[in-house]
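Colleague: I would like to learn how to read the features of a new model. Could you walk me through this one?

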Amino acid sequence: SVSLRVGLPPSGGGCKASPAAGYELEDEFVLSCQGWSAEDLPLTYSFGMSSSIEFDQDAAVWSEATTSSSFTTYLTEGEIWCSGRVYDALGRSVTTEATMLNVTARSPAGTNAGSLGATGESSDSEVLMDVMGGLLSLGQHSRL
């Protein structure tokens, strides 16, 4: 007699993205998955991004699957769909429901409250420093 074991993909968890809106190349977006379990461990996680009208998992750009259940990235302007994919040790996977992020272009100088000086206006040097700080931190995080 032959005994077959039918395994199921990971289950029981969810994935989320935060914040739901932010500024391009300035705000960090964190995608994370929590609560997943499977018969065959370890679990690995991949995160996908798509800028189409709706999430297209085949056209999405996916991060490499790793054991980290979170992914931090900077995004460019647009409505960006994101999703998580969770794999078990045998390669069985589940793709989570996609979430849309609203990424806005950086506001012109003087209109972004986050970069206002003591007088309520941003100097060109403050704006430049904000942009440079964001660009310098790109090398410290993954970017899709």
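Predicted model: local features only at pLDDT ≥ 70, side-chain atom pairs only at ≥ 80, totals over all residues.

Colleague: What share of the contacts with a separation of 6 or more comes from residues 24 or more positions apart?

Modeller: Here the idea is to ask how far along the sequence the partners in a contact lie. In the protein chain, residues 24 or more positions apart account for 61% of the contacts with a separation of 6 or more.

Colleague: And how much of the protein chain counts as buried?

Modeller: A residue is called buried when its relative accessible area is under 20%. By that cut-off, 31% of the 144 residues count as buried. The accessible surface of the chain comes to about 8500 Å², and carbon and sulfur atoms hold 53% of that surface.

Colleague: Let us turn to the inside. How many cavities of 30 Å³ or more are there?

Modeller: A cavity is a space where the probe fits but cannot get out. The count here is one cavity of 30 Å³ or more, and the volume of the largest cavity is about 70 Å³.

Colleague: Which residues line the largest cavity?

Modeller: The lining consists of C15, K16, A17, L31, S32, F47, C82, S83, G84, T96, E97 and T99. Two or more of the lining residues come from each of β1 (14-18), β3 (29-34) and β7 (78-87). Sorted by class, five lining residues are nonpolar, five are polar and two are charged.

Colleague: Which residue other than glycine has a positive phi, near 55°?

Modeller: That is L25, with phi near 55°, and its place is in the loop between β2 and β3.

Colleague: Why does L25 count as partly exposed?

Modeller: Partly exposed lies between the 20% cut-off for buried and the 50% cut-off for exposed. L25 counts as partly exposed because its relative accessibility is 28%.

How values were computed
Residues numbered from 1 in each chain as written. Heavy atoms only, no water. 1 Å grid on protein atoms, 1.4 Å probe; cavity = no way out; pocket = protein on both sides within 12 Å on 5 of 7 lines; lining within 4 Å. Points joined across faces, edges and corners; volume = space filled by probe spheres on them. Helix = DSSP H or I, 4+ residues; strand = E, 2+ residues; numbered from the N terminus. Nonpolar A, V, L, I, M, F, W, Y, C, P; charged D, E, K, R; others polar. Buried < 20%, exposed > 50% of the residue type's maximum accessible area, 1.4 Å probe, protein only. Contact = heavy atoms within 4.5 Å. Areas by Shrake-Rupley, 256 points an atom, 1.4 Å probe, with all protein chains shown as cover.
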